[in-house]
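This report goes through the architecture of one model, chain by chain.

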Amino acid sequence: MVPLVESPTIMRPKLVNLLAATLLLPGALLGFACSDNPAAPGTLVVGLEANPTNLDPRLATGAAAVRILPLLFNSLLRLDPAGQPAPELALAWETLSPTEYVFHLRSGVHFHDGRELTAADVRYTYDWMRDPKNHSPNQGALAVVAAIATPDPATVRFVLKEPFASFLQNLTAGIVPAHLGDAKDFADAPVGSGPFRWGEWRPGERLVLQAFDGSWEGRPRLDRVVFRIVANETTRLLEARRGRIDLLWNNIPPYAVPFLRETPGLAVTTRPGITYQYLGFNLRDTILRDPRVRQAIAHAIDRDRIIKALYLGLARPAATLLAPENWASAAEVETYPHDPARARRLLEEAGFPVRPDGTRLSLSYKTSTDRQGIEMADLVAEDLRAVGIRVERRSFEWGTFYGDIKAGNFQLYSLRWVGITDPDQLHYIFHSASTPPAGANRGRYANAEVDRLLETSRRESDPDARRAELIAAQRQIAADCVYVSLWYPDDIYSLAGRFEGFEPYPGGQYTSLKQVRLKTSSPLSLSPLARRGDPERGAPR
Amino acid sequence: MNSIGRRLLLLVPTVLGVLTLVFFLVHLIPGDPVELMLGETASRADLSQLRADLGLDRPLGEQYARFLGGLAHGDLGRSFFYRKPVFAVIGGALPATALLAAAAMAVALLIALPIGIIAAVRRDTLTDRMAMVGSLLGVSMPNFWLGPLLIILFSFRLGWLPVSGKEGAASLILPASTLGTALAAILARMTRASMLDVLGEDYLRTARAKGVGPVTVVVRHALRNALLPVVTIVGLQFGALLSGAVITENVFAWPGVGTLLIQAITARDYPLVQGCVLVIALCYVFVNFLTDVLYALIDPRVRT
């Protein structure tokens, strides 16, 4: 650095030139930035909160990518809106034995490059994901597969190491063409057989998908889908309100619903969701390993009040991990209604009388820096204070928070399970062998009876018997108060009024965009701002 | 050795220091990229396999040595999440940040110079006081607050400009104004102070006595010399501009290095974090070096 020097020297022309260049540079750079106008008739713009980092279905992990993939790729089976396996590339399947499945493929399915999809592509994709050297995030879920065979181009046979009742739920990965899948830059412009093909990808900015004319499901009604990445929540909502984002799904906070509903030409829909919000306990903690303390906490929380305050009523109280719509959800479980007097009694019994400072005990509650998570923590802390539990709320950046939770370094925390449709997740979350990194039993819960029920349910081929075992397990988990089941927030989405046909999938996937279409009376339903000639949209249509 | 060569040599330890600090900081924060990459269903064997493949099972000192070795060969490694070379990932985002920073700088100079000059020439008048109060406000407003405010006014109420995104000239105006406001305020105050110093100089009195008009005195004689310290401040404030870009890019969905950096930190993508910080540090150090060089060119007394 140079000290300030006062100088009578007359400035040389170079400085003036530099100054002029600084002023002109942006203008010059803008010359090439101006040529960009993404919208055309039949284009639907989706607002995303995060970048889809990798759109290779064998490697994708982030929610943003996983939700977009069904538009680009077809899978052997897909999960319908109710979360049940349904035919996609596999037209039909047979279970020859509890460890042997045969899938008969649909004919006439082509990849975006025109090559026909065959059993060899299916086998290639699954073998690739099972190969440890490829580090696929799906490798763990496919560990049960012993071998894959393709007796003919339209048949795929899976042989399992042991019976696994939820096997079909794990066959939803997109199928990659064997002739292209090994290319190093496959993820830069992936080729699948889905209803949309790759258009353009500007990381951090936008992903454009084009309708695939040769789709076996028929050409989609939309010409293009533009996914715009707008990380800032306020900006995203303003863009929707301004009519420059047509669809927001998975990322509308309840407080914004009245704001978006005021927007002409925008329809906001809410419906019961299956995302499960819970309060987690560390069962190895000296205070929390006593079930009476956990039950006291459950009784102290006024869920109805928090749902009203935080969700404006847009949530349902929850009793178990699986939402009531799930075929394996247990209806009659311990629900711990709001009862502060009982909570105090339970704490008294557990040996926590009121101390001179008016409290009975102190606990720490970890949360991420997510605003809603922090507000929720404060509301829960308020309820717990009323029964004598002092709560210290500690919020951390997501990676740190998540690392702590998995390491068991917490007393209380709250998180949500999104889009759970497969009841085998109970094994993953509550079995004693599922402590991280083997699973998500973060509270280190161990109950031999629950372990037994969850293990047998995995091997059970009779659906009724399996359901009975899963329900018994859920009852025991609720009785042990491993989690406080809080609520299922509603699914909220906003769609520009000129479109119709969108159907929200429980996992947040954009699958139904293949059937979304423009309403015939579309120009009339344009928002007034868009009608004025928004630069993104071009002329009104 | 001349001063430029000396300063150029000094860049090496500076950048190396920044990189060392960042390397150890990102490795020390809790959170495991391998678990984030493989998902929660991965077995312990898979996790340790990937950890070994990425070299994350080696002692930190050895990883650091390998990182420096790679850097010496121009290799920053591969992004864990994009699964592409870090240079390629950053290369895609850098032009957007450069454009934003340059535009913000332009906005700052366009606002600061006229205000600073007028305030100095009309010293202690209402105009001067208003300009200085305005610049105080400009410095005090954080980007994450000013950005949404400008969006609400210009995009939402008036409908003149796009809310966010990078779609042509109009979309640059709000982010550049948001990012440039604080710098404009600082530069306006600096220009005013510098002009006041120069306006009292003997050579200006001589110029006036020779009958040179007031505009020519201010623009041709005073401003040229008053701008020297302003150039230094521009260089020094470039760092603040880059850090402000991280927030501004988030508010305006601007696809630059700031957005990438936040994403990389959340995902514990160590090579990408190191790459982003390297690029930002290099920009900062380079602009300061340029300022020094420029100063040496302008003022012969600094060359020795």
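This is a predicted model: local features need pLDDT of at least 70, side-chain atom pairs count only at pLDDT 80 or more; totals for chains, interfaces and linings use all residues.

## Chain B

The secondary structure of chain B consists of twelve helices and zero strands. Read along the sequence, the pattern is accordingly α-α-α-α-α-α-α-α-α-α-α-α. Along the principal axes, the C-alpha atoms of chain B fill a box of roughly 85 × 60 × 30 Å. Chain B has 304 residues, of which 44% count as buried. Of the contacts in chain B that link residues at least 6 apart in sequence, 73% join residues at least 24 apart.

The domain assignment divides chain B into domain 1 (15-72) and domain 2 (90-303). Taken over C-alpha atoms, the centres of domain 1 and domain 2 of chain B are separated by 37 Å. The two domains of chain B touch: eleven residues of domain 1 are in contact with eleven residues of domain 2. On the side of domain 1 of chain B that touches domain 2, the elements giving two or more residues are helix 1 (3-28) and helix 2 (33-38) of chain B. Helix 1 of chain B supplies the largest share of that side, with seven residues. By class, this side of domain 1 of chain B holds eight nonpolar, two polar and one charged residues.

One helix pair in chain B can be described in detail. Helix 5 (residues 86-121) and helix 8 (residues 170-199) of chain B have axes that come within 5 Å and cross at roughly 35°. The crossing of helix 5 of chain B with helix 8 of chain B is right-handed. Their contact comprises 25 nonpolar, four polar and one charged residues.

## Chain A: the four-stranded sheet

In chain A, four strands form an open sheet with antiparallel pairing, in the order 4-5-7-6. Strand 4 (90-97) and strand 6 (145-152) of chain A are the edge strands, each pairing on one side only. On average, and with direction ignored, neighbouring strands of this sheet are turned by 20° against each other.

Within this sheet, strand 5 (residues 100-105) and strand 7 (residues 155-160) of chain A pair in the antiparallel sense over five bridges. His104(A) has Thr155(A), in strand 7 of chain A, as its bridge partner. Helix 3 (residues 119-130) of chain A lies across strand 5, strand 6 and strand 7 of chain A, and runs at about 165° to strand 6.

Strand 8 (residues 196-202) and strand 9 (residues 206-211) of chain A run antiparallel and are joined by six bridges. Phe196(A) is bridged to Ala211(A), which lies in strand 9 of chain A. The hairpin of strand 8 and strand 9 of chain A has three residues between the strands, and Gly204(A) in this hairpin takes a positive phi near 80°. Strand 9 of chain A is also joined to strand 10 (residues 224-229) of chain A, in an antiparallel run of five bridges. There, Arg206(A) stands opposite Arg228(A) of strand 10 of chain A.

## Chain A: the six-stranded sheet

A further open sheet in chain A has six strands in the order 14-18-13-17-15-16, and its pairing is mixed. Strand 14 (315-317) and strand 16 (389-396) of chain A are at the edges with a single partner strand each, so one side of each is left without a neighbour in the sheet. Neighbouring strands of this sheet are turned by 25° against each other on average, direction ignored.

Strand 15 (residues 361-368) of chain A pairs with strand 16 of chain A in the parallel sense over eight bridges. Lys366(A) has Arg394(A), in strand 16 of chain A, as its bridge partner.

Helix 9 (residues 371-385) of chain A lies across strand 13 (276-281), strand 15, strand 16 and strand 17 (412-417) of chain A. Helix 10 (residues 398-406) of chain A lies across strand 15, strand 16 and strand 17 of chain A.

| Helix of chain A | Reference strand of chain A | Angle to reference strand |
|---|---|---|
| Helix 3 (residues 119-130) | Strand 6 | about 165° |
| Helix 9 (residues 371-385) | Strand 16 | about 170° |
| Helix 10 (residues 398-406) | Strand 15 | about 130° |

How values were computed:
Residues are numbered from 1 along each chain as its sequence is written. Chains are lettered from A and ligands numbered from 1 in the order in which they are written. Domain bounds come from an automatic or database domain assignment. Two residues are in contact if their C-beta atoms, placed from the backbone, lie within 7 Å. Ala, Val, Leu, Ile, Met, Phe, Trp, Tyr, Cys and Pro count as nonpolar, Asp, Glu, Lys and Arg as charged, and the others, Gly among them, as polar. Two strands pair if DSSP finds at least two bridges between them. Axes are lines fitted to C-alpha atoms, for helices over the stretch in contact, and angles run from 0 to 180 degrees between N-to-C directions. A crossing is left-handed if the near helix is turned anticlockwise from the far one by less than a right angle, and right-handed if clockwise. A residue is buried if 20 or more other C-beta atoms lie within 10 Å of its own, exposed if 12 or fewer, and partly exposed in between; C-beta atoms are placed from the backbone.
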